[in-house]
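I opened this model to go through its helix packing, its cores and a few backbone angles, and I note below what I looked up.

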Amino acid sequence: MADGTPRLSMLLIAYNQAGTIADAIAGALAQDYANLEIILSDDASSDETWQLMQQAVRDYRGPHRIVLNRNPSNLGIGAHLDRATRLSSGELLLVAAGDDVSLPQRASLCASAWVAAGCRPDLIAGSLIAMDADGSRQESISPDQLATYRNAADWLARPPLVIGAAQAWTRRLFDRHGGLPSGVVYEDLVMVFRAIVGGGAITLDQPLVRYRRGGYSAKQASLSAADVARRLLRGARGALVEIPLLLQAAQLAGQEAAVASAFAAKLRREGFIHDMLTAGNQAQRLRLFVTTPGVPLAVRLRLLAYAAFPWVLAPWFAAKRWRARRKGAKVS
């Protein structure tokens, strides 16, 4: 750290975001904090995202160090952030997505807050200005005040609202827990938990990012049984990677007892969802329904319907699609 100005890295990751990547890069380049490097990383996009990344910084002569990277194959969010982090050199790492726009003061506000707190917090969250895909209908979103969470028990009692688009975390937090493996979807949840059980986390009230709704992790309308099944399976696959990471973080902090039972129940539930939705035939599904212990009957009945008898749900989803059309929603 030179003259009280820590080295920061902005990790701007993108995948098939050719329509928004130029604005995201412009926001990164406009940062008013000098001691900043910017990692621009493309996750093997099939559109022009990579070419537009290169074009955006080809003639850049500003104060920030630029690192360009393109993954040879698609890694997914968690492993992509892991790769970008390992390419960076900052003490504090700002996460940015290819469809969001960091405000010019984002890096300087995070650096000032971190230094003012004695560089103790392992994670800084910020408020966001949410916008629709076209940039209209803006509104403010404020994550929970993370300083009020002291340990794993607090996190379990009231899981915080977290939005990774305006987060920054320390390199030491990343290194302490061995990074982010492939399969992680909700890296913001994982990193917040790691910070809470470690050096702590804080939330800034100032908006740091213009956040575009409708990204990878946005909630999508489920207008058929197949939609729900896909969403549940995707969530289960992520949870089966992420929950063990949370448990490992609690163990490292000596707080395993506070969460072990709840995490074990969650793993049983998500494992059942995964197995039911990937079972090869009806006999396997019925056997899972009957023989899986520790999963509530209501959950097993619901999954059996989606996996084995989706036709039972067809009238309900038909009514849902009709209501969506009446409201002018786009039904795909």
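I began with the crossing of α9 and α11, in a model that is predicted, and found that α9 passes α11 in a right-handed crossing. The axes of α9 (residues 256-278) and α11 (residues 297-308) come within 9 Å and cross at roughly 20°. I then listed the residues that make the contact, which are R269, F272, I273, M276 and L277 on the α9 side, and V299, R300, L303, L304 and A307 on the α11 side. Sorted by class, the residues of this contact are 8 nonpolar and 2 charged, with no polar residue.

Next I looked up the packing of α10 against α11. Helix α10 (residues 282-291) packs with α11 at an angle of about 175°, and their axes are 10 Å apart. Since the cut-off for roughly antiparallel is over 145 degrees, α10 and α11 are therefore roughly antiparallel to each other. From α10 I noted Q282, R285, L286, F289 and V290, which meet L297, R300, L301, L304, A307 and A308 of α11. This contact has 8 nonpolar, 1 polar and 2 charged residues.

I turned to the nonpolar cores. The largest has 39 residues, and within it L8, L12, I25, I124 and L128 touch the most other members. Among the elements that each supply at least two residues of this core I noted strands β1 (8-14), β2 (36-42) and β6 (123-131), together with helices α1 (21-29) and α2 (49-57). A second, separate core has 36 residues, including I13, A239, L246 and A250.

Phi of N16 is near 50°, a positive value in a residue other than glycine, and N16 lies in the loop between β1 and α1. C119, also not a glycine, has a positive phi of about 60°, and C119 lies in the loop between α4 and β6. Are these two residues buried or exposed, or partly so? N16 is partly exposed, with a relative accessible area of 30%, whereas C119, at 18% relative accessibility, counts as buried.

Definitions and conventions: Residues numbered from 1 in each chain as written. Predicted model: local features only at pLDDT ≥ 70, side-chain atom pairs only at ≥ 80, totals over all residues. Heavy atoms only, no water. Core = buried A, V, L, I, M, F, W, Y, C linked by side-chain atoms within 4.5 Å. Buried < 20%, exposed > 50% of the residue type's maximum accessible area, 1.4 Å probe, protein only. Helix = DSSP H or I, 4+ residues; strand = E, 2+ residues; numbered from the N terminus. Axes fitted to C-alpha atoms, helices over the stretch in contact; angles between N-to-C directions. Left-handed = near helix turned anticlockwise from the far one by under 90°. Contact = heavy atoms within 4.5 Å. Nonpolar A, V, L, I, M, F, W, Y, C, P; charged D, E, K, R; others polar. Parallel < 35°, antiparallel > 145°, perpendicular 65-115°, else oblique.
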